[in-house]
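Here are a few exercises to work through with the model open beside you. Try each one yourself before reading its solution.

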Amino acid sequence: MSFLTLDLNLLRVFDAVMTEQNLTRAAGHLAMTQPAVSNAIKRLRESLGDDLLIRTAYGVKPTPRAEALWPQVRAALASLEAAVTPGTFDVSKTHATFRMAMADATAAFWLPALMRSIEREAPGVNIRMVPLTTREPRPMLLRGDIDLAVGFFPGVAAQLMSEPSSPIRHERLYSGIYVAVMRRGHPLAKQDLTLDNYCGANHLLVSFSGRAHGLVDEALAQIQRERRILLTVNQFFTAGRVVANSDLITVLPKHLIASTGMTDALIYKELPFQLPAVHLDMLWHERDARSPAHKWLRSHLESMNSVAQKTAPGTNPKNDTY
C-alpha cells in the first residue's frame with residue numbers, strides 16, 4: 001500500500017466505526033448509509049491488508065491491527081480538526097461520541113448535570129459509558145478504549161506529576177472526605193463511633209476487584225487494628241442498599257452518599273482514625289488534548305465542579321443529616 005494513494009476519508013469512517021462498534025450507528029453519526037460505511041471499511045481493509053473489523057452478534061469487534069491503529073488515527077484526526085477549524089468551534093453544531101469510564105456512584109453524581117447541558121448546548125454529542133473496574137485506567141486510555149476517565153485513582157496523579165513524558169494528562173475535579181455509613185437503626189447509630197466499636201462491627205467493602213483489603217485496612221494496620229469484611233461488592237449503589245438493610249458498616253466518600261439512592265435510610269459518622277482525602281480526578285490521553293470537542297467536554301466537567309461542591313451532602317449544615 002502507498003500512503004499517497006490512500007483515501008483519507010476512509011480513516012474518518014474507521015474512527016466512527018471503532019467508536020460506535022456498530023456499522024449502523026456509525027452511519028448515522030457520519031450521515032451516511034450503512035452500505036456506504038460497509039464499502040468504506042472494505043476499501044480500507046483492502047488497502048491495509050487486514051480484516052480490521054470482525055462482525056459479531058452485537059456489532060463489530062476490532063482486530064489487533066485495528067486496535068493498534070485507532071489511537072494514531074484519532075490523534076491525527078483531532079490535530080487536523082484543530083488546524084482546519086481554529087477558533088470556529090461551535091458545540092451546538094458538532095457531532096462527536098465520547099466513551100467515558102466512571103464508577104456507578106461517580107456517574108450518578110456527575111452525569112445528570114452533564115446530560116442537561118448536552119441536551120441544551122450540544123445536541124450532536126453522545127456519551128457512551130464504559131464500566132470502570134480498576135483504579136488504574138491508564139491502560140484503557142493508552143489503548144484508546146476510552147476518551148476520558150473520572151474517578152478516584154490513588155497514586156496515579158502523583159506518578160503522572162513525576163513522569164512529564166507520559167502521554168496521559170490529568171486534572172483534579174473535586175476533593176472530599178471519607179465517612180462511616182450505616183443504617184439509621186444500626187446499634188451504633190446513637191453512639192459515638194469509637195475505634196473499638198468500629199473494629200468490632202461487620203463491614204462491607206466496595207472493591208472493584210473483589211479483593212477484601214482496601215485503604216481502610218491499610219490505615220488500620222498502621223495502628224495494629226483490623227476489621228472483619230463480611231461482604232465485598234463492586235458498586236456503590238449496591239453498597240447503599242445492603243447497608244440500609246443490614247447491620248453492616250461501610251466507608252464511602254461523603255459526596256457519594258446521595259448516589260446510593262438510600263439517603264433517607266442512612267446516616268454517616270466521622271471515622272475514628274485518619275484517612276487521606278478522596279480526590280476525583282479526570283484523566284485523558286494527549287492525542288485528544290487539542291480536539292475542540294474533547295476540550296469542550298473537559299472544560300464543562302471543570303465548570304461543573306463548583307456546582308458539585310455546592311450540592312454535595314455535608315456542604316450545607318442544614319442538609320448534613322444522612
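**Exercise 1.** Is His186 buried or exposed? Once you have decided, find its place in the fold and its contacts.

*Solution.* Bear in mind that this is a predicted model. Start with the accessible area: the relative value for His186 is 6%. Buried means under 20%, so His186 is buried. Next, locate the residue: His186 sits in the loop that runs between strand E7 (178-183) and helix H8 (195-200). Then look for contacts, setting aside neighbours within four places in sequence: His186 touches Asp247, Leu248 and Ile249. Finally, look at the polar atoms: a polar atom of the His186 side chain is 2.8 Å from the backbone oxygen of Asp247.

**Exercise 2.** Describe helix H1 by its span, its covering and what follows it.

*Solution.* Begin with the span. H1 covers residues 9-20, twelve residues, and its first and last C-alpha atoms are 17 Å apart, close to the 16 Å expected at 1.5 Å a residue. Now turn to the covering: ten of the twelve residues are buried, and H1 is thus mostly covered. Among the buried ones are Leu10, Leu11, Phe14 and Met18, and also Asp15 and Glu20. Last, step past the end of the helix: Gln21 follows H1 and has a positive phi, near 55 degrees.

**Exercise 3.** How do helices H2 and H3 pack, and which residues make the contact?

*Solution.* Take the geometry to begin with: H2 (residues 23-30) and H3 (residues 34-48) have axes 8 Å apart and an angle of about 105 degrees between them. Angles of 65 to 115 degrees count as roughly perpendicular, so H2 is roughly perpendicular to H3. Now list the partners: H2 contributes Leu23, Thr24, Ala27 and Leu30, while H3 contributes Gln34, Val37 and Ser38. Sorted by class, this contact has four nonpolar residues, three polar ones and no charged ones.

**Exercise 4.** Ala31 and Leu52 have a positive phi. Where does each lie, and is each buried or exposed?

*Solution.* Recall the background: most residues other than glycine have a negative phi. Ala31, not a glycine, has a phi of about 60 degrees, and Leu52 has one near 65 degrees. To finish, check accessibility: Ala31 is exposed, with a relative accessible area of 74%, whereas Leu52 is buried, at 0%.

How values were computed: Residues numbered from 1 in each chain as written. Predicted model: local features only at pLDDT ≥ 70, side-chain atom pairs only at ≥ 80, totals over all residues. Heavy atoms only, no water. Helix = DSSP H or I, 4+ residues; strand = E, 2+ residues; numbered from the N terminus. Expected span 1.5 Å × (residues − 1). Buried < 20%, exposed > 50% of the residue type's maximum accessible area, 1.4 Å probe, protein only. Polar contact = N/O pair within 3.5 Å; in protein donor to acceptor, adjacent residues only side chain to side chain. Contact = heavy atoms within 4.5 Å. Axes fitted to C-alpha atoms, helices over the stretch in contact; angles between N-to-C directions. Parallel < 35°, antiparallel > 145°, perpendicular 65-115°, else oblique. Nonpolar A, V, L, I, M, F, W, Y, C, P; charged D, E, K, R; others polar.
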